Amino acid sequence: DISLGISPRGTMALSAMTRAHALMEGRAYATPDDVLAVAPYTLSHRITLSGDARFAGKTAASVLADILQTVRMPELV
């Protein structure tokens, strides 16, 4: 569904936003939940959908949501 993925600058933005979210939550460390919280806002506009995905009515946000639901997050101990 994706014809052009996230650039290195996009991953840097995700990292910065994740740390900022954790700080706003009062923590000096980030968790996988912080990544999930900011990823849709940070990454949706950074991917380009394939023609087939757009024709099927998919959006960048919906494709990203599908990806985030299927990726197994590490468990905290």
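**Salt bridges and the chain that carries them**

Counting as a salt bridge any side-chain nitrogen of Lys or Arg within 4 Å of a carboxyl oxygen of Asp or Glu, the count comes to two salt bridges. This is a predicted model, in which local features need pLDDT of at least 70 and side-chain atom pairs count only at pLDDT 80 or more, while totals for chains, interfaces and linings use all residues. Residues are numbered from 1 along each chain as its sequence is written, and side-chain values use heavy atoms, with hydrogens and water left out.

The protein chain has four helices and two strands, where helices (H or I, at least four residues) and strands (E, at least two) are DSSP runs numbered from the N terminus. Read from the N terminus on, these elements follow the order β-α-α-β-α-α, and the C-alpha trace spans about 45 × 25 × 15 Å along its principal axes.

Side chains of opposite charge can pair when their charged atoms come close. With buried meaning under 20% relative accessible area, exposed over 50% and partly exposed in between (1.4 Å probe, protein chains only), Lys58 is partly exposed at 34%, and Asp1 is partly exposed at 45%.

Arg27 and Asp34 form a salt bridge as well, their closest N and O atoms being 2.8 Å apart. Here Asp34 counts as buried, at 2% relative accessibility.
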